[in-house]
Amino acid sequence: MELFLSQKNLYPYQKYLTDEEASESLERNKNRITNLLNNTGDLKCREVNFNNNSMLILYIEPMVDSEKLQDKVIKPLLTVKEGNINQIITVDQIQQTSSMKTIIEGIISGHCALLINSSIITIV
């Protein structure tokens, strides 16, 4: 699928996306991301609880390494339940941001976004 690979159509949502900060509302962030990505069925959302906070894991299914996501992000969060998230998630790179533009670009580049209710946004 070359939906996001054409340079001309690399980010068709960009004219609607400003460098605004993500909201503290998980539901509002999820809806914004879903709408900007044209409600694609490939966008997956998984809710987990960690440190008594609701979290959403958002990713585009065919673009992410599902095995790595499961082993290094989802399984540790479901197993440990509390602690320092930077020590629980064992991936090569974690980038914390609250920029919606950075979050969307991360998702369509094959990364996952971890949205935390306390408004810390992490892209892995």
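Two salt bridges turn up in this structure, which is a predicted model.

| Salt bridge | Closest N to O distance |
|---|---|
| R32 and E20 | 3.2 Å |

Start with R32 and E20, whose closest N and O atoms sit 3.2 Å apart. R32 belongs to helix α1 while E20 is in the segment before α1, so this pair ties together parts that are 12 residues apart in sequence.

Where do they sit? E61 is in the loop between β2 (53–60) and α2 (66–80), and K44 is in strand β1 (residues 43–50). That puts them 17 residues apart, so to speak linking distant parts of the chain. E61 has a relative accessible area of 39%, which makes it partly exposed, and K44 is partly exposed at 28%.

**A look at S23**

Next up is S23, found in the segment before α1 (26–36). Is S23 buried or exposed? With a relative accessible area of 17%, S23 falls under the 20% cut-off, so it counts as buried. What does its side chain reach? The side chain of S23 gets to the backbone nitrogen of S25, at 2.9 Å. Leaving out residues up to four places away in sequence, S23 also touches R28 and N29.

Notes
Residues numbered from 1 in each chain as written. Predicted model: local features only at pLDDT ≥ 70, side-chain atom pairs only at ≥ 80, totals over all residues. Heavy atoms only, no water. Helix = DSSP H or I, 4+ residues; strand = E, 2+ residues; numbered from the N terminus. Buried < 20%, exposed > 50% of the residue type's maximum accessible area, 1.4 Å probe, protein only. Polar contact = N/O pair within 3.5 Å; in protein donor to acceptor, adjacent residues only side chain to side chain. Contact = heavy atoms within 4.5 Å. Salt bridge = Lys/Arg side-chain N within 4 Å of Asp/Glu carboxyl O.
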